Structure formats: structure tokens, C-alpha cells
Amino acid sequence: MPEPSHEPTPEPVPLPDALPEMARPNHAGPLATAQAQLAAAVERLGYDEGLHTMLATPRRELHVAIPLRRDDGSTQVLHGFRVQHNITRGPGKGGLRYHPSVDIDEVRALAMWMTWKCAVVELPYGGAKGGVAIEPRLYSPGELERVTRRYTSEIMPMIGPERDIMAPDVGTDAQTMAWVMDTYSVNQGYTIPAVVTGKPLEVGGSLGRATATSRGVVHCARAALAESGLDLPDVRVAVQGFGKVGSHAARFFAEGGARVEAVSDEFGAMHRSGGLDLPRLLDHVRRTGSVVDFDGGDPLPGDALLTLDVDVLVPAAVEGVLTHENAPEVKARWVVEGANGPTTPRADAILADRGVVVVPDILANAGGVVVSYFEWVQAQQAYWWTEAEIEAKLAERMATAYAAVAEMARREQVTLRDAALLLSVQRVATAHRTRGLYP
Ligand SMILES: NC(=O)c1ccc[n+]([C@@H]2O[C@H](COP(=O)([O-])OP(=O)(O)OC[C@H]3O[C@@H](n4cnc5c(N)ncnc54)[C@H](O)[C@@H]3O)[C@@H](O)[C@H]2O)c1
């Protein structure tokens with residue numbers, strides 16, 4: 001995965017003097033971006049320094065050492081983190097990331113973004129995130145199971161279906177969640193599926209979870225297009241990233257009648273005017289592991305996909321791909337962020353100036369956490385819904401959230417990103433004020 005590109009916001013609002021050490025970014029990176037975004041929202045909302053500091057400071061965090069017995073008999077000590085940024089609206093909710101770049105600042109930023117994401121789609125959750133600094137591809141399944149179980153056991157006091165609920169993220173998957181669920185359950189003495197979401201169906205996962213983020217992306221694209229009187233059959237689409245989010249999103253766009261003219265993965269990109277044949281492409285990727293060498297299109301060089309002449313661009317790969325360097329060349333009129341943080345703050349300002357509508361990550365890719373919430377509700381009730389019920393409820397949630405954000409954008413004359421942040425910060429601040437301060 002390439003190093004994410006983080007640039008300073010165009011005119012950062014100063015952080016409060018009273019901000020404690022645990023909320024101060026140690027380096028330029030995601031936490032600096034997250035704090036700058038919050039500061040700008042707080043300034044617009046006119047909140048005082050005390051409330052700003054509360055919103056900016058993680059509620060709880062844990063740094064744990066994870067001694068691992070390697071398959072060769074040696075011992076290695078890994079480092080893991082769990083941060084609950086905010087638990088005012090409900091239990092913490094957020095993924096578990098296994099990646100070498102994981103550090104406490106990254107986890108703090110991702111936890112804060114989860115707070116805003118859950119608030120924007122009105123889930124009864126706060127925001128949390130976990131991570132282990134590890135390159136999972138260099139470890140055997142047995143080693144990854146031992147890391148996961150020891151990490152879970154170390155952070156056990158913090159998690160639980162009413163406290164903090166984990167989900168897969170970069171480098172983890174449904175199997176990882178099954179290990180977390182099992183470790184937690186064995187220690188409590190009974191089976192507790194609701195401690196994690198994104199788990200396999202056979203241990204209490206939800207139908208529709210695997211495709212939920214992609215469906216949410218397409219619902220948001222549809223809602224954005226509808227504001228200009230357009231629908232999917234009117235547009236050409238390019239999707240960067242052909243993994244869990246991008247591949248299903250491309251399929252749903254095509255099924256809805258859009259022409260998906262380009263897709264890419266880390267190995268290359270394929271293009272076809274008039275639209276790629278998605279079922280054949282998906283079959284090719286299943287067989288070969290990549291979109292490269294697909295015989296139904298032509299290869300595209302480098303990052304040309306991002307500046308292709310299409311109507312809708314869906315970055316669904318990694319952070320920081322739309323920068324001040326390529327933003328002036330983007331030809332799409334809509335950017336729908338499947339990935340987290342694909343647009344740098346400077347690129348965002350350029351796209352806004354050029355009239356490109358950016359549907360921000362905390363709204364556009366929230367479908368995953370919405371169906372995670374449905375999974376948690378089903379597990380708590382021990383009663384599982386049909387796929388059709390889940391899809392209908394997801395569509396309704398996404399439409400409501402999009403409408404609320406668009407309304408805020410119109411009222412405040414700001415971008416959808418600023419509006420999504422204003423709306424979610426306001427919801428969390430209102431919850432703080434309504435609950436009051438104990439003691
Ligand atoms: N999976 C979810 O439910 C979910 C939910 C919300 C947000 N996200 C975000 O969506 C993004 C993608 O997640 P995912 O779960 O699909 O991951 P994934 O690992 O399944 O897929 C990532 C894809 O991006 C490709 N890729 C990597 N670097 C690339 C590059 N430089 N250019 C083009 N393609 C590249 C990979 O080859 C792969 O096809 C991440 O930012 C993630 O945080 C995922």
C-alpha cells in the first residue's frame with residue numbers, strides 16, 4: 001500500500017491551548033487532518049474552548065504489548081492500540097486494522113472519524129478504532145490467530161456489546177472477527193456474537209454485510225445525481241480499487257444502468273469506452289486475482305483513471321490519492337468517496353472551487369457501519385432478518401442521511417464534506433449538552 005499523502009489544510013484553525021497531550025498530533029498525518037477538520041467545524045458552530053476540547057480528546061485509550069510465539073519458536077513483541085474517541089451517543093464502534101503504519105495517532109484519527117460517521121447516519125454509537133502494527137502478509141494464519149486472541153485478551157476490559165464493538169478493517173477480515181468473538185465469549189463463559197460485527201454468517205453475521213459499503217456508495221451517487229435530474233443510466237463511471245468496496249460498487253453501478261468505463265487495482269487499470277462487461281471482468285478477477293490482462297478493455301497507464309473523462313469518479317482504494325497535483329485535472333463532476341480519506345484537504349478545496357461535487361467518505365462509505373449496526377441489533381435480539389429487509393433498511397438510512405447533509409450544505413452554503421461534519425459534530429455536541437457533565 002503506498003504511503004498516504006497528507007497535506008496541511010489550506011488555512012488551519014488553531015487548536016485550543018488546553019488540548020491535552022493525547023489529542024495533540026505528534027506529526028503531520030491523519031490526526032492533524034482530523035483535528036483541523038474538527039477545529040473548522042467548531043469555529044463555524046461557535047462552540048467554546050471547553051466543548052471543543054471535549055470533542056477533540058479521546059475518551060479512553062489503551063496501548064498494549066502483544067507477545068507472539070512465532071512458528072519458528074522465537075518470541076516477538078508487537079504493539080496494539082484501542083481508542084474510544086467518543087462514547088456519548090452509545091458504545092464505541094470501529095474497526096481493527098493490521099498494518100505496519102499503525103500508530104497511536106493514526107488510531108486516534110480513525111476513531112474520531114468513526115464518531116462523525118456514526119453520527120451522520122444516526123447510529124446509536126460513538127467512535128472507536130483499534131490497530132496492531134504488523135504486516136499481516138508476513139505471518140501465518142496460526143500466528144495471526146495468536147496475535148488476535150492475545151490482543152483481544154489485553155483489551156478485554158474495554159470492549160463488549162454495550163461498550164465497544166469491533167469490525168474488520170484494512171488487514172483483517174471476517175475470520176479475525178470470529179477469533180475476537182470466540183476469545184471474548186470463552187472468557188465471559190457464554191457466546192456473545194454482538195461484541196463484533198462483520199463476522200461470518202455461521203457465527204451470527206448478517207446477510208448483506210459484505211456488500212453494504214458498496215451499496216451505500218451507489219445510493220449516495222444516485223442521490224447526488226438526482227439533484228441534477230440525472231440517474232445511473234445517464235452517467236459514465238470510473239472506480240479506483242477493485243477490492244471489497246470497489247468491485248461490488250462497480251457491479252451495482254453497472255446493474256443500475258451506468259457505464260463503468262474504467263476500473264483499477266494496485267497492479268493496473270482497464271478502460272473501455274461505452275462500459276466494461278462487469279460480469280466477465282469479475283470472473284477474470286476471480287481467476288487471476290487482478291483486473292490486469294482483461295481481454296474486454298485496454299490498459300490505462302498509472303493513475304490516469306483519476307483524471308479520465310467520466311461523470312462519476314469513485315476512489316475506493318487507499319488514502320490521499322486526489323491531491324493538489326491531480327485535482328485540477330479531474331474531469332468527473334461527482335466524486336463519491338468509497339475509500340476513507342482519498343482526497344487531501346488541498347485537493348478538496350480545488351475540487352470545490354471547480355464545482356466538483358464530492359460526497360464525503362463519512363457519508364458515502366457509511367453503508368458498512370449501518371449494516372454492522374443491523375448485525376449488532378440482530379445478534380442482540382437473536383433474530384435474523386432477510387437480505388431484502390436489510391437492503392431496504394440500508395437504502396432508507398442512506399437516503400435520509402444524504403438528504404440531511406444536502407440540506408445542511410444548502411442552508412450553510414458549504415460543501416457536502418463540511419456539511420456532513422457540521423451535522424455530526426452538532427449531533428455529538430447536543431448529546432454531550434443534553435446528558436450534562438458528571439458530577
Ligand atoms: N470494506 C468496507 O466495508 C469499508 C467500509 C468503509 C470504508 N472502507 C475503505 O474503503 C477502502 C478500500 O477498502 P476495501 O475493504 O475495499 O479494501 P481491499 O483491500 O479489499 O481493496 C483495496 C483495493 O484497492 C486496490 N489498490 C490499492 N492501492 C491502489 C492504488 N494505488 N491504485 C489503485 N488501486 C489500488 C487493491 O488492489 C484492491 O483492489 C479503504 O480506504 C477502506 O478503509 C472500506
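## Helices α12 and α13

Helices α12 and α13 are roughly perpendicular to each other, a label given to angles of 65 to 115 degrees, whereas those under 35 count as roughly parallel, those over 145 as roughly antiparallel and the rest as oblique. The axes of α12 (residues 387-412) and α13 (residues 416-435) cross at roughly 105 degrees and come within 8 Å. Axes are lines fitted to C-alpha atoms, for helices over the stretch in contact, with angles from 0 to 180 degrees between N-to-C directions. Helices are DSSP runs of H or I with at least four residues, strands are runs of E with at least two, and both are numbered from the N terminus.

On the α12 side, the contact is formed by Ala404, Val405, Ala406, Met408, Ala409 and Glu412, and on the α13 side by Leu416, Ala419, Ala420, Leu422 and Leu423. Contact requires C-beta atoms, placed from the backbone, within 7 Å. By class, this contact has ten nonpolar, no polar and one charged residues. Ala, Val, Leu, Ile, Met, Phe, Trp, Tyr, Cys and Pro count as nonpolar, Asp, Glu, Lys and Arg as charged, and the others, including Gly, as polar.

## Basis of the model

The model is predicted; local features need pLDDT of at least 70 and side-chain atom pairs pLDDT 80 or more, while totals for chains, interfaces and linings use all residues. Residue numbers start from 1 along each chain as its sequence is written.

## Helix α5

The 15 residues of α5 (residues 174-188) should span 21 Å at 1.5 Å a residue, and the end C-alpha atoms are 21 Å apart, in agreement. The expected span is 1.5 Å times one less than the number of residues. Gly189, which follows α5, has a positive phi near 95 degrees.

Buried residues of α5 are Thr176, Met177, Ala178, Trp179, Val180, Met181, Asp182 and Tyr184. They pack against β3 (92-98), α4 (141-154) and β5 (164-168). A residue is buried with 20 or more other C-beta atoms, placed from the backbone, within 10 Å of its own, exposed with 12 or fewer, and partly exposed in between.

## Ligand shell

Among the 22 residues around the ligand, Gly241, Gly243, Asp265, Ala339 and Gly368 come nearest; a residue is near if its C-beta atom, placed from the backbone, lies within 6 Å. The shell has nine nonpolar, ten polar and three charged residues.

## Two loop residues

Ser273 lies in the loop between β8 (268-271) and α8 (278-288) and is exposed, with 12 other C-beta atoms within 10 Å. Asp303, in the loop between β9 (298-300) and β10 (312-315), is partly exposed, with 16 such atoms within 10 Å.

How values were computed
Contact = placed C-beta atoms within 7 Å.
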